[in-house]
Amino acid sequence: MKTWKTSPRNRSRPVSLRYAIYDVFTDTALAGNPLAVVFGADGLDDMAMQAIAGEFNLSETVFITEPKGRDADYGLRIFTPTSELPFAGHPTVGATVALTLASGAGEGERRRFVLEETVGDVTADGRANGPRSGSARFFAPRLPEQVGELPDFAAIADALDIMPGDLMDTPIQGGVWSAGVPFAIVPVRDADVLADIKLDLAAFETAFGGETPVCAYVVAKASATEHTTDWRVRMFGPHLGIHEDPATGGAAAAFAGVLAEQTGLGEGEHGVALYQGVEMGRPSLIRLRLKLEGGQLTDLMLGGDAVKIAEGELLAIPGEDA
């Protein structure tokens with residue numbers, strides 16, 4: 001359902017743009033992961049989008065455009081402060097909630113959108129929970145796959161300022177996995193080790209940098225209870241301009257591959273809760289729903305809440321005279 005339409009005359013570079021700030025993967029303002037949502041961004045080129053994302057300086061900024069294909073309702077372009085991403089979960093959830101609220105949906109009403117992202121089309125469902133809040137869920141556009149191995153334990157331990165032994169006796173082995181964006185899934189012994197991590201940027205570059213740098217998604221069981229499906233996680237991506245991220249949907253999607261393959265999940269559907277941002281004072285909750293058939297992950301859904309905390313107008317558009 002369309003909530004706005006770009007007229008042909010507005011496909012040139014705009015004079016101003018409407019934007020909103022959402023806290024994503026939380027139902028509480030000033031928690032979760034902040035996101036800038038820029039509406040009607042068809043007239044912006046790549047350089048302008050990157051400059052605006054750098055100005056907001058949030059982990060991600062999403063630009064909503066008209067789609068290029070005929071099957072989608074909207075296009076999404078996702079930028080970190082330094083580069084564009086083909087897919088990310090926190091902008092997908094935030095944009096879905098923003099579009100749902102902009103459509104005039106009343107409390108409890110739902111909207112479905114097909115969102116055209118660089119990785120592919122994403123089907124997302126939004127629900128209005130109030131005048132400034134909502135929730136969203138979407139099917140991952142690509143199922144996760146392992147694309148590499150972790151660095152050696154000594155290099156990882158130096159990067160995270162923990163002991164090599166903290167990487168042993170873990171319930172999973174991890175690896176480098178991707179559902180559109182690769183992440184090094186690093187399991188540690190328990191949540192106490194997770195909380196003690198202090199990044200060494202030079203050692204991190206040695207362990208996770210190089211020609212194809214990856215972010216580190218460090219995970220631990222949320223409790224010592226054997227059958228818990230709750231996990232505590234932290235994500236570090238300094239090469240993207242993100243020292244630490246409060247909530248990372250793309251990494252959660254990649255982690256789902258590890259969960260499906262390495263934790264002994266049985267046939268059927270499984271719900272998993274991922275708690276992130278606790279150490280940053282920005283607690284976030286990402287919900288996963290995995291479906292396994294024949295021992296293989298066949299469907300993956302991600303979801304969460306979002307709260308609008310600000311809105312306004314961009315008056316300085318790169319390339320335009322002040």
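A salt bridge, as the term is used here, is a side-chain nitrogen of Lys or Arg within 4 Å of a carboxyl oxygen of Asp or Glu, and the structure holds 13 of these. The model on your screen is predicted, so local features need pLDDT of at least 70 and side-chain atom pairs count only at pLDDT 80 or more, while totals for chains, interfaces and linings use all residues. Residues are numbered from 1 along each chain as its sequence is written, and side-chain values use heavy atoms, with hydrogens and water left out.

Begin by selecting residues 110–117, strand β6, together with residues 120–128, strand β7, which pair in the antiparallel sense over 8 bridges; strands are DSSP runs of E with at least two residues, numbered from the N terminus, and two of them pair if DSSP finds at least two bridges between them. A hairpin joins β6 to β7 through 2 residues, and V114 stands opposite T123 in β7.

Next, show the side chains of D125 and R112, which form a salt bridge with their closest N and O atoms 2.6 Å apart. Because D125 lies in β7 and R112 in β6, the pair ties together parts that are 13 residues apart in sequence. D125 is buried at 15% relative accessible area, whereas R112 is exposed at 51%, where buried means under 20%, exposed over 50% and partly exposed in between, with a 1.4 Å probe and protein chains only.

Finally, move to R232 and E279, whose side chains meet in a salt bridge of 2.4 Å, N to O. Salt bridges that share partners join R232, R234, E244 and E279 into one network.

Terms used. Helices (H or I, at least four residues) and strands (E, at least two) are DSSP runs, numbered from the N terminus.
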